[in-house]
Amino acid sequence: MKEPENGEIERAGYDIGKTAHRADAYAKVTGREKYAADYYDGEFLWAGVKRAGVPHAALTGIHAEDARALPGVIAVLTHHDIPGENRIGIIRKNQPVLADTRIRHSGEAVALVLAENRETLKDALNRITLDYEALPGVFSVEEALKETSPRIHEDNPEGNVVKAVAVETGDSAKAFNECDAVVEGVFEVPAQEHAYLETESGWAYQGEDGTYVIVASTQTPFRDCFEIAPVLGIDPAGIRVIAPYLGGAFGGKDGITVQCLLALAVLHSRGRPVKMWWDREESFLAGVKRLSAKMHYRLGAKNDGEFHALECRLYYDGGAYSPLGGEIMTLGAEHAGCAYRIPNVSIKGWCVYTNNPVGGPFRGFGVPQVTAAMEQMVDMAAQRLGIDPLAIRLKNAVRKGDRNCLGVTLTNSTGAVECLEKMSSHPLWKGRAAWKEEAGPFKVRGVGVACMAHAMGYPPMVADEARAKIELTVEGKIRVYAGVVDMGQGNASTYAQIAGYVLGQDASAMELVLPDTARTLPSGSSSASRTTYTYGNALIEAARSLEKAIIKAACERVPGSVAEGFLFLPGKVRHTPTGRELLLEELAAFMDDSARVTTGYFKMPVVREKLDAIYMGPHLIFSYGAHLVYVEVDELTGQVDVARYLAVTDAGRVINPQVFAQQIEGAVAQGMGYALTEDFKVRKGRIVTRDLSTYIIPTSMDIPAIDSVPVEIDEETGPFGLKGAGEIGMSGPLPAIANAVSDACGTRVFRAPMTGEAVYGALIRKKEEGTVL
Amino acid sequence: MTTVYRPGSLDEFWDMREKYGEALVFAGGTDLFVKLRALNKYPPVLIGLAGVKELQSIEELSGAVFIGAHATHTRLLSHPRIREHFPVLASALRSLGSPPIRNMGTIGGNICTASPAGDVLPPLYVLGAQVELRKKDGSRRVPIREFILGPGTTALTDGELLSGVWLKKEDSFTIHHFEKVGQRKALAIAVASLAALVTTTETGIVEKARFAWGSVGPTVVTSQDAEDALVGLPLGLKALQSIVPIVERSVSPIDDVRASAAYRKALAGNLVVRLAGRGREPLRA
């Protein structure tokens, strides 16, 4: 393959709604793009972590003499070597950087080793031994909530509860008596591993000015400074975090992984840079997981299919520490009724501590869990009432102006109904009966649907804001300072597209500066389906300011001209009345340095009513989706084959159709793994599926063709009408596949993943009991 | 530090073997390197067979085919003799690992790893394969079922090398069938597998049958009783279901992280039942 000449890719100026090649595509396909661990040179040290290996214990001693004596070992650090505070945590500051008195999960970090090379590092880690007294562990939500169970965090006044929430709207107790049909179900969903291509990694050194520079695979560079600094006992201004392109994160790098350890290592590295790079096994052991959940549901409806009452009891396992577990569960509770109008609701949720691996964010936060349950409940209600599953969803789906389950009025774009309608006219929906009839010997076929909602941005108590910065360089290029991380979803490219469109430029005129706390402005995390919405809005403002500044400079160059007379073209502006063209480079030379740089600010709007409806407040803007799946179940093995998939999405207007489709397809593939094969097994606090040979993520052979259809409803507050698209696709596959499996088999598997063995078991039980659910 | 030697011929190999008694020998390395990484123990010397010219050939010799131990799965899959005469083997190879693993992995390596889940093993059992074992000063042939003794253990003695596999052409079977149940469609270790060769009369009566199951016992499992019970019956649902209890008695699966013993036992029987859907048409892989 020939390397394209600069600018050959994209000659015409950027447009909105048209695919533009990703700025990172060529470098990634050819392996040239650098991840955090690739930013090294010269003489550097390796840092690595000794991990506990036991799920719950009192730590009484750390023996590091043998490790320290090993030639090539520079230092072995323990909690005694932490100059500042040995506790981190975004909401609850209770996780030690290096364990001091207690071990709360098998992956707990106990000692940090610096060595000349990887081999010595490994050897040294093996030589460290621990003294501890094993403590009885807590390994399930049920155990955690028992009064008599051991307390995992002694000082937590709520016992083992991280957070509990309750939502009551209407009068659900009374309302259930008014229902014609009430269905009930208990659903279980597993912990899920992110399994990103790039495991947790980073590179750190002390700059000449004394600043600690940490290049890390992180979604949260700005927030990280405020977590790292207290550990070192210094001011956050003394920390600089740089986040290059990430090789996937999906929430697993929303917060601290290697950052504090690297900073600590640099204090003892004798002036040399330090690199840390977890291998796959360490990533499994120490990285955060999607919270497993157990959910009790009751849904009541009238004879015509109208939902009247909902009761949910949600139990999320937060693991040993829960950096955002309470918030994850809360978002689940907020979405417990999915995209439906239900006037009488009782939702209670708990997130608890256990001695299982640490729970944390994962694409969808707490929403895939509840959607898995609710969307199966909807099918169960439809079946009980003899109503078509799409019809019952259309009947109850929220529309603009409706109140959702929290009683919050949906004042912004609300496309649930449009998604369902689009699905109803799709050939896959219309052709479903014919397809089902063509099953071969020992095969049964089923079709399932699911409808989802996903809130965009942070809850109202946390300002969801971004500050964009853009520059006309002296070379005449437009440089976008992206303060939000691109973890692989392509948002940085979309920023180039947005700014390029506003300023009439093509790809060759654009430059991107990726997040760097010393160069870009604080713009929040790359998470919560907010990255392009919030930063994109700020960037449009910054780009329009720069447009004005450039035109002002142009007016000064063309005597007698007015601002309206200028047209932006790639690399230049044209004064249309005279036809005179001015190169951007030329204009830049005449502009003040300060005039060549502009900024923009945006803060996401929040609800004005029911702010107290739930912890941290309810969300205002949601994306919606409707998914349809064809499955074929093998009666001899129980194996589920996903044959076709349709994902209809309301994420507002689409800026780049390719990047949009990648987000939907990626989320659906990840959702299929969640539905069918991914089972993060932990027994008594020890991980059973320790690597990718036993933790089964889908391969390209397991993922069928995915039709992704956007329903482009304008979101008036969004950048060019856009809403978040990163997470909405994640929640659909599990319930859609579960409903399809139920359609095929006449029985339901209430626990995910729906492995061949699980489905086969359900088929046998059905045969033996002769029952149909 | 590990030194890897790559002899170019068997003569060179024997010299190295003598010189480095503690060396581990590997073919494609797709099993060995995973194991070494997991144990974090690397031997000082490894001997790789990729360059040994005598181990690469695939030849047809008077009614039989010799497959050199270092023939990769990819080479076997693309070989016309294999596809023509041993579709059951080709089908199993297609289910093995992924393209990169098939490019590296070899038939000899799959046999010597002696995993009950080795994908090529059930086909080799039903095809009556013999393995050729060489010493510096001689060779012997052993039926595969006598060569594999247990999980990870074989009849290979000190100073012996598995040099290849002999397969008699089996054109008399009208049905060549292989099915693997894995946890996903590629890069999957067998939860259970079945290789079957069946010949029926014009009217569909079973004349002879051979079955071999993977992952349902310490080694590949065969069942003469099940095969005998099927002979004389019309190949169909009823006859196949009638031998399921015999199959279930023949296997001795275990629980592990991938599946329970009970599920594996059920699969062993059900995979035989699958043949009912296959009709009489010869199944070419």
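How far apart do the C-alpha centres of domain 2 of chain A and domain 3 of chain A lie? The answer is 39 Å. Before going on, note that this is a predicted model, in which local features need pLDDT of at least 70 and side-chain atom pairs count only at pLDDT 80 or more, while totals for chains, interfaces and linings use all residues. Residues are numbered from 1 along each chain as its sequence is written, chains are lettered from A and ligands numbered from 1 in the order in which they are written, and side-chain values use heavy atoms, with hydrogens and water left out.

Let's begin with chain A. Its domain assignment gives domain 1 (45-135 + 200-277), domain 2 (293-459 + 610-769) and domain 3 (465-603); such bounds come from an automatic or database domain assignment. Where domain 2 of chain A meets domain 3 of chain A, the contact (heavy atoms within 4.5 Å) takes 18 residues from domain 2 and 20 residues from domain 3. The size of an interface is often given as the accessible area lost when the parts come together. Here the buried area, meaning the accessible area (1.4 Å probe) that two parts lose on being put together, summed over both, is about 1400 Å², and carbon and sulfur atoms give 61% of that. On the domain 2 side of chain A, Tyr458(A), Pro719(A) and Phe720(A) supply 38% of the area buried against domain 3, more than any other three residues.

Two packed helices are described by the angle between their axes and the distance between the axes. The axes are lines fitted to C-alpha atoms, for helices over the stretch in contact, and angles run from 0 to 180 degrees between N-to-C directions. Helices (H or I, at least four residues) and strands (E, at least two) are DSSP runs, numbered from the N terminus. Helix 15 (residues 491-502) of chain A and helix 16 (residues 531-557) of chain A have axes that come within 9 Å and cross at roughly 30°. That makes helix 15 of chain A roughly parallel to helix 16 of chain A; angles under 35 degrees count as roughly parallel, over 145 as roughly antiparallel, 65 to 115 as roughly perpendicular and the rest as oblique. Among the residues that meet are Tyr495(A) and Ile498(A) in helix 15 of chain A, and Tyr535(A) and Leu539(A) in helix 16 of chain A. By class, this contact of helix 15 with helix 16 of chain A has eight nonpolar, five polar and two charged residues. For these classes, Ala, Val, Leu, Ile, Met, Phe, Trp, Tyr, Cys and Pro count as nonpolar, Asp, Glu, Lys and Arg as charged, and the others, Gly among them, as polar.

The second pair is helix 18 (residues 657-676) of chain A and helix 19 (residues 733-745) of chain A, which pack at an angle of about 55° with their axes 8 Å apart. Helix 18 and helix 19 of chain A are therefore oblique to each other. Residues making the contact include Val668(A) and Met672(A) of helix 18 of chain A, and Leu734(A) and Ile737(A) of helix 19 of chain A. Sorted by class, the contact of helix 18 with helix 19 of chain A has eight nonpolar, one polar and no charged residues.

Domain 1 and domain 2 of chain B bury about 960 Å² between them, 70% of it on carbon and sulfur atoms.

How much area do chain A and chain B bury between them? The value is about 2100 Å², with 50% of it on carbon and sulfur atoms. In chain A, Phe442(A), Leu636(A) and Glu757(A) lose the most area to chain B, together 25% of what that side buries. Helix 20 of chain A and helix 12 (residues 261-273) of chain B pack at an angle of about 80°, with their axes 11 Å apart. That makes helix 20 of chain A roughly perpendicular to helix 12 of chain B.

Finally, zoom in on the backbone. Most residues other than glycine have a negative phi, and most peptide bonds are trans. The peptide bond from Ala752(A) to Pro753(A) is cis, with omega near 0°, and Pro753(A) sits in the loop between helix 19 and helix 20 (756-769) of chain A. Ala195(A) is not a glycine, yet has a positive phi of about 55°.
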